[in-house]
Amino acid sequence: MDEKKTAILAEIPRLRRYARALLRDKDAADDLVQDSLERALTRLDNWRTGENPRRWLFTIMHHLFVDQMRKVSRRGGNATVPVEAAENLPSAATQQDSFAVRDILDALEAISPERRAAIMMVAVEGFSYAEAANILGIPAGTLMSRIARGREELRGLLDDAARRRTFRIVER
Amino acid sequence: MTQREYTIRDIHLALDGEMPAEERADFEAWLEANPEMKAKNARFTDDARRLREVFAGVLKEPAPERLTEMVTEGPPRIARSWLAGRQSAVAAAVIFAAGIAGGYFAGSSGLRMQAEAENELAEKAIGAYVTYAVDRGHTVEVGGTDKPYLEGWLSKRTGLKLVAPDLANEGFELLGGRLLPGAESPAALLVYKDQAGNQISIYMVAEGEKKTRGTYTEKAGGPTAIYWLDKDYGCAIVGSLPQERLTEVAKSAWKQLVAAGAAS
């Protein structure tokens, strides 16, 4: 197998992690990764040898994710829902998750996809502001405000979740 | 030393590794002097750690084969003859269109990728349902009483290993089926009815590009399609039944179709 393909294979775990954060549903996330890989392979020439494929792949995935969100919002309330998500909520994996994990996932899902992407890019994927802004195709200032607002929002949601849980415990 | 005025913005910069190292000590001192900011910094730092922890497990999961194969074997050929390599495939696309009033279907986590092929498939299936399943007088061409004949005929014409699932447990009885024109090959439509008179239909066609699944509603209150597609076949289910019931019916049908395909 050629060098490029080996390098792309090595990025799959990270792409899956980021997709999971964006979409939560495992199958939907892997579908996004699969579409990204497919697109990447048809455009191998766009990727210069020697360059780390990570940024390139994340950019491809980001574009696909944006397209997907546009389609969903165009369709309004009739957005599609993965069968998996519709039939097993909470999913088996989610049930095993601790409250803390579920709170994080719920909160992340509740904030806007733009803020979610910005936070994940820097806080989990470890991209610099410059890299993340480049991948997301936005000015660094916009990235920063998404991160700042997203973090505040996330914290607010986590506080709410913790409060609700406290009430429940008290009520018992 | 003149301490510059820090703001909450700097908390994010520091947390994300964007603060110059020489400012760091200054910044820490500022935090110490501002308990409120210090607390915020602690919370954001903790949230970032939790986020990393929550997703750390994904990195350790083995990558699904469909992803690694995409890289090692290359993207699927664009042009594919509709029967190529699908001897063991079950059904191209199975779509249930269920006709019960009320579009009880609010998109909950609706960030699902939607390719045009899926939309097209779902729209065709809903179209078939709207045209035939609701036509009480002329719903089917061949009745469901002779099931083996119906299955044989539809299998032969569509090129699918087609079975008419038994949905009695879900309260639906097979009315029969009909053949429909399709883009590359004919499509099959099976229609079922329950005691309350609700009809659902299964649409199957030997088309499919890639593995995907989802739910699709054309317009509010209209029938919903639950579909499955795979590289060379697919299956999907549609209806305006309450979501839970439709999902149940879809699961039962899909299981039977898979079993029938695997058995051959």
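## A short tour of rings and helices

Welcome! Across all chains of this predicted model, the count of aromatic pairs comes to five.

**Stop 1: a ring pair in chain B.** Select Y6(B) and F27(B) and show their side chains. The centres of the two rings lie 5.7 Å apart and their planes meet at 65°; planes over 60 degrees apart count as edge-to-face, so this pair is edge-to-face. Now colour the surroundings by secondary structure. Y6(B) sits in the segment before α1 (8-15) of chain B, while F27(B) belongs to helix α2 (residues 24-33) of chain B, so the pair ties together parts that are 21 residues apart in sequence.

Are these two residues buried or exposed? Y6(B) has a relative accessible area of 2%, so it is buried. F27(B) is buried too, at 1%.

**Stop 2: a cluster in chain A.** Next, select Y18(A), F58(A) and F127(A). Together they make up one aromatic cluster.

**Stop 3: where two chains meet.** Finally, select helix α7 (residues 113-124) of chain A along with helix α3 (residues 35-60) of chain B. Their axes are 10 Å apart, and the helices pack at an angle of about 85°. Angles from 65 to 115 degrees count as roughly perpendicular, and α7(A) and α3(B) are therefore roughly perpendicular to each other.

Which residues meet here? From α7(A), show I119(A), M120(A), A123(A) and V124(A); from α3(B), show L51(B), R52(B) and F55(B), which they contact. Sorted by type, the residues of this contact between α7(A) and α3(B) are six nonpolar, no polar and one charged.

How values were computed. Residues numbered from 1 in each chain as written. Chains lettered and ligands numbered in written order. Predicted model: local features only at pLDDT ≥ 70, side-chain atom pairs only at ≥ 80, totals over all residues. Heavy atoms only, no water. Axes fitted to C-alpha atoms, helices over the stretch in contact; angles between N-to-C directions. Helix = DSSP H or I, 4+ residues; strand = E, 2+ residues; numbered from the N terminus. Parallel < 35°, antiparallel > 145°, perpendicular 65-115°, else oblique. Contact = heavy atoms within 4.5 Å. Nonpolar A, V, L, I, M, F, W, Y, C, P; charged D, E, K, R; others polar. Phe/Tyr/Trp six-rings, centres within 6.5 Å; stacked < 30°, edge-to-face > 60°. Buried < 20%, exposed > 50% of the residue type's maximum accessible area, 1.4 Å probe, protein only.
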